[in-house]
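This report looks at a few selected residues in turn. The sequence and model come first.

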Amino acid sequence: MTMKEATKKTLDALFVRHPALAPCRADVFAAAEAICDVFRTGGKLLACGNGGSAADAEHIVGELMKGFLKKRRLPENLHERMKDEFPADADYLYENLQGALPALSLVNQVALGTAFANDQAADLVFAQQVLGIGRKGDALLAISTSGNSKNVVYAVEAARLHGVKTIALTGRSGGRLRDVADIVVAVPEDETYRIQELHLPVYHALCIAAEEEFF
C-alpha cells in the first residue's frame, strides 16, 4: 500500500535539512514504507543496538509509543467505552492517554538478558528475544554503526527465520548487515560519532512519517 503524500513530504524534508543523506533516499523511503506496512497490518516494531545505538533503540520506541509531533487523541468511541466501564476515571484516561504505534526495545530486558548471557551465550540475547516474540508481519530495526555487531547480526538472522522484516541502520560500509538485512540505510560516514549524528535525523524522520501516516 502506498504511503500518503503528506508522509512522503515528511520524508523529503529530511533530505532538505540534511543533504548529506541524499544517497540514502531510496533506502529511507523503503524503510518508512516497511514500517508503515507493519503498523497497518497490526504488527510491531522491535529495535536493538549497543551503546549509543541501544540509546537510539530506546529513543525510537519512545517516539512511537506516544505522541511525537501530534497529540494522537484516542477515538471518541473508546471514550464512550471508558465512561461505561470506568466512569470515575474516563475523562482523565481519555485526556491523557494517546494513540500508540506498537514498538519494543530489546535492550532493556535486564533480567532475561543477564540470565541468558550467563546461562547460554551473551551475543545471542537479542536473537533469543526475537525468536520469542517476533512474528511474521513484524519488523526489526537493527542499529549498528559498523554493521558488524555480532549480537545485532544474530538478531537479524533470527528475525529472518520468523519472516520478520529486517531494517538495518549502519555506517557507510554496511558491514555484515548489508548482506543479511532486507533494507539497509547506510549513512555516508565512517567514524562512529559521525554515523550516530546522522542516524538520529533518519530515525526521527521514520518516526514522524509513521505518525503522519496513522494520526
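## His 59

His 59 sits in helix α3. Helices are DSSP runs (H or I, at least four residues), numbered from the N terminus. This is a predicted model: local features need pLDDT of at least 70, side-chain atom pairs count only at pLDDT 80 or more, and totals for chains, interfaces and linings use all residues. Residues are numbered from 1 along each chain as its sequence is written, and side-chain values use heavy atoms, without hydrogens and water.

His 59 is partly exposed, at 27% relative accessible area. Buried means under 20%, exposed over 50%, and partly exposed in between (1.4 Å probe, protein chains only). Setting aside neighbours within four places in sequence, His 59 contacts Leu 200, Tyr 203 and His 204. Contact means heavy atoms within 4.5 Å. The C-alpha atoms of His 59 and Val 180 are separated by 24 Å.

## Arg 72

Arg 72 lies in the loop between α3 (52–64) and α4 (76–85). Its phi is positive, about 55 degrees, although Arg 72 is not a glycine. Most residues other than glycine have a negative phi. Arg 72 is buried, with a relative accessible area of 3%.

## The aromatic pair

Rings of Phe, Tyr and Trp (its six-membered ring) pair if their centres lie within 6.5 Å; planes under 30 degrees apart are stacked, over 60 edge-to-face, and the rest tilted. The count is 1 aromatic pair. Phe 39 and Phe 214 form it edge-to-face, 6.3 Å centre to centre, with 85 degrees between the planes.

Phe 39 belongs to helix α2 (residues 25–40) and Phe 214 to helix α10 (residues 192–214), so the pair ties together parts 175 residues apart in sequence. Phe 39 is buried at 10% relative accessible area, whereas Phe 214 is partly exposed at 30%.

How values were computed:
Helices (H or I, at least four residues) and strands (E, at least two) are DSSP runs, numbered from the N terminus.
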